[in-house]
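Reader: Please pick one part of this model and take me through it closely. Keep it brisk.

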Amino acid sequence: DKYILIRRIGSGSYGIAYLGREKTSGVLFRRRMIIHQELYVLKEIDARKLSESEVKKIALEIKVLSMMNHEFIVRYHDYCKHNGSIFIVMRYCPGGSRSLPAQRTGDMHERIKKQGRTPFPTEQVFKWFLQTALVLHYLHTKKVIHRDIKPQNLFLDEVHAVSACHF
């Protein structure tokens with residue numbers, strides 16, 4: 001009940017991803033509430049459909065994500081439970097523009113599809129490769145193995161930098 005779901009933005013093997021924001025995100029200024037429109041991705045996982053060991057894996061993902069502090073890893077914000085589902089709340093990566101966030105999904109897979117047959121500039125590909133390598137190096141120094149590196153798990157922020165998630 002802490003968050004407002006704006007729209008569904010994707011789905012994966014464990015659940016559904018929603019674009020959302022906090023219900024009470026704002027500050028009081030001169031006796032008026034100024035709404036803070038920070039957007040988040042809320043990853044919903046229906047825990048009722050999972051085994052006990054799978055629920056433990058989700059708890060571990062939350063714990064690991066909450067401890068990660070790297071510029072190219074999606075920033076963890078919160079988690080909550082609602083109606084048998086677990087919601088992992090993370091920073092929203094709009095894929096290069098905040099102008100129309102409701103139309104952006106932000107993952108590398110969508111960016112590649114959008115690019116079509118036109119090759120990316122070499123400098124951009126090198127930048128993404130280096131950022132991904134830096135994430136993997138950071139994770140390995142923390143004794144964490146990312147077992148699912150793929151374009152759908154690499155997101156692009158508003159300046160087209162990589163943000164990895166779903167360890």
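**Strand S2 and its sheet**

Author: Strand S2 (residues 15-22) pairs with S1 in the antiparallel sense, over seven bridges. The model is predicted, so local features need pLDDT of at least 70 and side-chain atom pairs pLDDT 80 or more, while totals for chains, interfaces and linings use all residues. Residues are numbered from 1 along each chain as its sequence is written, and side-chain values use heavy atoms, without hydrogens and water.

Two strands pair if DSSP finds at least two bridges between them. Strands (E, at least two residues) and helices (H or I, at least four) are DSSP runs, numbered from the N terminus.

S1 and S2 form a hairpin, with three residues between them. Serine 11 stands opposite isoleucine 16 of S2. Tyrosine 3 stands opposite glutamate 22 of S2.

S2 also pairs with S5, antiparallel, over six bridges. Here isoleucine 16 has glutamate 44 in S5 as its bridge partner. Seven of the eight residues of S2 are buried, meaning under 20% relative accessible area (1.4 Å probe, protein chains only).

Now the whole sheet. It is open, with five strands in the order S1-S2-S5-S7-S6 and antiparallel pairing. S1 (3-11) and S6 (76-82) are the edge strands; each has a single partner strand, so one side of each lacks a neighbour in the sheet. Neighbouring strands are turned by 30° against each other on average, direction ignored.

Helix H1 (residues 52-67) lies across S5 (40-46), S6 and S7 (85-91), at about 20° to S7. Contact means heavy atoms within 4.5 Å. Axes are lines fitted to C-alpha atoms, for helices over the stretch in contact; angles run from 0 to 180 degrees between N-to-C directions.

Note on methods
Buried means under 20% relative accessible area, exposed over 50%, partly exposed in between (1.4 Å probe, protein chains only).
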